[in-house]
Amino acid sequence: MQLVAEALTSIRGGRTLFSGLSFAVGAGEALVLTGPNGAGKTTLIRTIAGFLTPASGRFRLEPGDAEHSLGEQCHYVGHLNAIKSGLSVEENAAFWCGFLGGMPSRIQPALAAFGLTGLRDIPAAYLSAGQKRRLGLSRLLLAERPLWLLDEPTVSLDRASQEMLTGAMEGHLAAGGLVVVATHTPLALSQSRELRLGGATSEPARPA
Amino acid sequence: MSALMRPFWQLVRRDVSLAWKDGGAIGVALGFYLMVVTLLPLGIGPDLALLTRIAPGVLWVALLLAALLSLARMFETDLEDGSLEVLATGPLPLVAIAAAKSLAHWITTGLPLTVLAPVLGLLLNLPPEGYGVLVASMLAGTPAVSFVGAVGAALTLRTRRGGLLLALLMLPLFVPTLIFGIDTVREAILNSAAFWPAFLILSAISLTALVLAPIAAAAALRFQLQQ
């Protein structure tokens, strides 16, 4: 499986964020988007998720799934955690699991992977910022999606939680998944490649 | 198709349980309805004939305004906490998401208000032959309020204090529901068999809204997601 982007151009608010951007991410590979604030990392991720339409260029996932759009084949974790403070940790996870079409048996392992087992009956309103982030990230493990799109996933995570995240990402990559992650924090990933936005917009050198 | 039914009902169930746990939206709608209908007779005075004459109109207009109160929040909470974006990457098309959220809104406002309406009818001296038809007309008409209202809620999603704009945008679209809803009850009071034409048109309006409004709401949501 491969995500291919061809000659992408994105214009937001009259400003060209990137033009002629081409890259390819293969199975088991993570593409790390870096660059200064406002370089277009979030825009690129939201474009892949299908929320934004690029001014020109296109994406495809090979081999494609004709029945589902690219957005339906990806997990999108943006700046917001998409959790309901009125529901408990487990209810939040159970809802997304059911909605995204995961098996109910995945809920407990997903919570355990992000260290939330002990908090599962607590209303999400009482969680700290980092715990909320972990609950948002646990969605990644609730349903199987080939492509993970992560926008600043390490915000408000402590060192141990960052290790939980990289552990989940490594597991996904080892199973042949794809990850596109925008981050300012270096992530300890074995198979990753950096795409720097804001300046160089050509295909970065691929490791052999 | 059955693969889509599970996420659809999951979403409906979550919205209903959130509204129930929150309590706010349901309570505000019911409280508003109760206050308007109880205060009005105090202002008009103890003229029972007059109250009977205006009862269908008052019950319907107050119900519509009470339902409008919670419409603006239909998609707002999901936009604020990022759920809307994740919902959009799910297996359900946006049309079905809009339909599920409209249905949940109807269950949490249209339905409780319909249950309260006959009780308030007592305060307005609604004649006995009007009660059955009143409930039937509201059951038939309130889905149109929730589904058409979803279009307005989606359109005004990113406007601050969009409630007034939503009401202004959507009131013309609620007028047919209002006219035929009131007419159904009025005809039933005057002549027990003559309410059918108005009732059938009211049902037709609701069925049309059920089919067409989610398409419009989904188009508005797709636009909102591009911000």
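Analyst: Chain A has five helices and eight strands. Helices are DSSP runs of H or I with at least four residues, strands are runs of E with at least two, and both are numbered from the N terminus. Along the sequence the order is β-β-β-α-β-β-α-α-α-β-α-β-β. This is a predicted model, where local features need pLDDT of at least 70, side-chain atom pairs count only at pLDDT 80 or more, and totals for chains, interfaces and linings use all residues. Residues are numbered from 1 along each chain as its sequence is written, with chains lettered from A and ligands numbered from 1 in the order in which they are written.

User: Why is chain A called as compact as a globular protein of that length?

Analyst: Its radius of gyration is 17 Å, and the globule rule gives 17 Å for 208 residues, so the label holds. The radius is taken over C-alpha atoms, and the rule is 2.2 Å times the number of residues to the power 0.38. The C-alpha trace spans about 50 × 35 × 35 Å along its principal axes.

User: What makes Gly28(A) partly exposed?

Analyst: Gly28(A) has 17 C-beta neighbours inside 10 Å. Buried takes 20 or more other C-beta atoms within 10 Å, exposed means 12 or fewer, and partly exposed lies in between; the C-beta atoms are placed from the backbone. Hence the label partly exposed for Gly28(A). Gly28(A) sits in the loop between strand S2 (15-26) and strand S3 (29-34) of chain A.

User: Which residues does Gly28(A) touch, not counting those up to four places away in sequence?

Analyst: Leu173(A), Ala174(A), Gly176(A) and Gln191(A). A contact means C-beta atoms, placed from the backbone, within 7 Å.

User: How do you know that helix H4 of chain A is mostly covered?

Analyst: Eight of the 10 residues in H4(A), 129-138, are buried. Among them are Arg133(A), Leu135(A) and Leu137(A). The cover includes strand S5 (74-77), helix H2 (89-100), helix H3 (107-113) and helix H5 (159-174) of chain A. Over the whole of chain A, 44% of the 208 residues count as buried.

User: What is the secondary structure of chain B, and why is chain B called compact?

Analyst: Chain B has nine helices and zero strands. Its radius of gyration is 18 Å, close to the 17 Å from the globule rule for 227 residues, so chain B is as compact as a globular protein of that length. Of those 227 residues, 47% count as buried.

User: Why are H6(B) and H9(B) called roughly perpendicular?

Analyst: Helix H6 (94-123) and helix H9 (196-225) of chain B pack at about 115°, with axes 8 Å apart. Roughly perpendicular covers 65 to 115 degrees; under 35 is roughly parallel, over 145 roughly antiparallel, and the rest oblique. That makes the pair roughly perpendicular. Axes are lines fitted to C-alpha atoms, for helices over the stretch in contact, and angles run from 0 to 180 degrees between N-to-C directions.

User: What classes of residue make the contact of H6(B) with H9(B)?

Analyst: The contact has 10 nonpolar, one polar and one charged residues. Ala, Val, Leu, Ile, Met, Phe, Trp, Tyr, Cys and Pro count as nonpolar, Asp, Glu, Lys and Arg as charged, and the others, Gly among them, as polar.

User: How many residues does each chain bring to the contact between chains A and B?

Analyst: Chain B brings 19 residues and chain A brings 19. On the chain B side, H1(B) gives the largest share, eight residues.

Terms used. Two residues are in contact if their C-beta atoms, placed from the backbone, lie within 7 Å.
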